[in-house]
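Please consider the following report on strand pairing and nonpolar packing in the structure shown here.

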Amino acid sequence: SSTSKEFDDVIPTNGASSGLLDGVLTNVVVLPPPTVPVGGIGQLQVLGYYEGGVIVNVSKFADLSTMDTNIIGTADGAISGYTNGSGTVTVIYSGYTNTVNVVVRAPTYSDNFTTPHDYLSNGVAGTFFDGLYTNYGDIPEQSAAGAGNNATDATLALDAGITTPGMLTITNFGGGWEFTSDDGTFLFKYVPGDFQMAIHINNYSDTINYTIPSIMARAYSDSTNGGAPNTGATIGAPLDGEGGECYVRMARFDEYGIGTYPEITIDDNSDQTTQPGEGDGQNWLLLVRQNYTNFNVYQRSTNNQPWHLPPNGTSFSNAKFAGKPMQVGITLSTFNSGVASYVQFDTFMFDAAQEGTPLQISSTNGTLNITWPDYPGAVLQSTTSLSPSSWQTVGTAPTYTTGIASVSIPVTNTGNMFFRLTQTAP
C-alpha cells in the first residue's frame with residue numbers, strides 16, 4: 001500500500017533476490033509420468049512446496065538428468081524414451097534433489113513401412129490409418145473449391161515399401177495445406193483425445209519446389225468426413241460455420257534460411273512460426289496434444305538423442321480445440337511449384353493418451369445423460385457386469401451438437417451399469 005512498490009515471483013530462481021521472495025521453499029515433490037512411449041516423450045510434474053502451504057508447479061524451471069542414457073534421455077524438461085525398460089531421472093530445483101523411476105514401453109503404434117501397401121490403389125483398408133485425402137475434389141476440398149485449391153493438384157504416388165523398401169513414399173503435384181489451401185496429401189487416423197506422434201523424414205525435394213513434409217492434427221466434423229450425420233456441424237467447417245480450416249502441424253521447409261516449421265491455422269488464418277536451421281538435419285519431428293487445447297512440438301537429428309524444443313521454443317494453445325476429435329497423420333504440401341515433388345519417411349510413431357476418450361455421465365430424475373467427443377465409428381456399449389462381461393450396443397441413437405455426442409437412457413436396472421466406447425471402421 002505504500003507509494004513505492006516491489007513485486008517478485010517465486011520463480012524463476014535465477015536473478016531473484018532472496019530478500020524479496022514471497023515464501024521459503026521447504027520441499028520439492030516429483031510426480032512421474034505413468035509411462036513413456038518408445039520414440040516419444042513423457043513429462044514430470046515438479047511441485048515446489050513453500051511456507052504457508054503454497055504449492056507452485058516449477059516443472060519448466062527444474063533440471064533433469066539421467067545415467068540410464070541407453071533407455072531414456074532428458075532435454076527441455078521432457079523425458080525421451082529410447083527402448084523398453086526403466087531408468088532413473090534426477091530432478092534438481094533450487095538446491096533440492098529428487099529421483100524418480102521412469103518406465104518406457106512400446107507406443108500404441110509404430111511403423112517402419114516394411115509391409116508393402118499401395119494407398120492410391122487400395123486405400124487404407126487393412127492399415128493403421130482411417131482415411132486419406134489425395135486429390136482436388138476430395139472432402140474437405142469440395143467446400144473450398146476455388147479458394148486456394150486447383151483442379152490439377154494431385155497425389156501421384158503414395159505407397160509403403162513399394163517404391164523403396166522400408167519407406168513411405170509420397171509424390172504430390174501442387175497440393176498444399178496453408179491458409180485457404182486444403183488439397184494436399186493427408187494420410188490420417190481419427191483420434192478423439194490427446195496424443196503424440198513422430199515421424200522421420202529420410203529424404204525429400206527440399207529446395208526451390210516449396211516442399212513441406214509434415215505431421216498434422218486437423219479438427220473436423222462427422223458430416224464432412226462420411227460419419228453419422230451431425231446436425232451441429234457444417235460441411236467443410238471443422239470448428240466454425242464458414243468452411244474454415246483449423247489444424248496444427250510440425251513440418252520441415254528448408255528454404256530461405258528456414259528449418260523446422262511449426263504452424264497453427266484457425267479459420268483459414270495460418271500463423272507461420274518459422275525456425276532457423278536450414279539443412280541442419282533436424283528431420284525427426286514430434287507433435288504432442290495435451291489437455292485437448294495445448295500443442296507442443298519437438299525435433300531432433302537422430303533417434304538416440306533426446307527430443308528438444310525448436311529454436312524459438314514455439315508451442316500453440318487455442319480454446320477452439322477443446323474436446324474436439326481430430327484427424328491425425330502425415331501430410332505433404334508442394335503448392336504450385338510447377339513440378340511434382342516427393343518425400344520419403346522411414347519411421348512413424350503414434351501414441352494415444354492412456355486415459356482414452358472421456359465419457360461424461362450425469363443423472364437427472366431417473367435418466368442417465370452420457371456425452372463424449374464425437375468421432376467416426378464411435379459406438380456406446382453397456383454391460384451389467386465386468387466379470388463376466390457382456391457388452392451390448394446401447395440401443396438409443398446419439399444426438400450431436402457441435403462435435404459432442406449425447407445419449408439419454410432411462411434407469412430401469414437397480415444394479416450396476418458399466419459403459420464404454422468402441423470404434424468401428426468409419
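Predicted model: local features only at pLDDT ≥ 70, side-chain atom pairs only at ≥ 80, totals over all residues.

Residues are numbered from 1 along each chain as its sequence is written, and side-chain values use heavy atoms, with hydrogens and water left out.

Helices (H or I, at least four residues) and strands (E, at least two) are DSSP runs numbered from the N terminus, and two strands pair if DSSP finds at least two bridges between them. Buried means under 20% relative accessible area, exposed over 50%, and partly exposed in between, with a 1.4 Å probe and protein chains only. In strand S18 (residues 185–191), seven of the seven residues are buried; Thr-185, Leu-187, Lys-189 and Val-191 point one way, whereas Phe-186, Phe-188 and Tyr-190 point the other way. The pairings of S18 are as follows.

| Partner strand | Sense | Bridges |
|---|---|---|
| S13 (residues 131–133) | antiparallel | three |
| S27 (residues 326–333) | antiparallel | seven |

Leu-187 of S18 is the bridge partner of Leu-132, and Phe-186 stands opposite Thr-331 in S27.

A nonpolar core is a set of buried Ala, Val, Leu, Ile, Met, Phe, Trp, Tyr and Cys residues joined through side-chain atoms within 4.5 Å. The largest such core has 38 residues, and those with the most contacts inside it are Leu-168, Leu-287, Phe-321, Phe-345 and Phe-348. Strand S19 (residues 195–204) supplies the largest share of this core, five residues. A second, separate core of 20 residues includes Val-36, Val-58, Ala-62 and Val-104.
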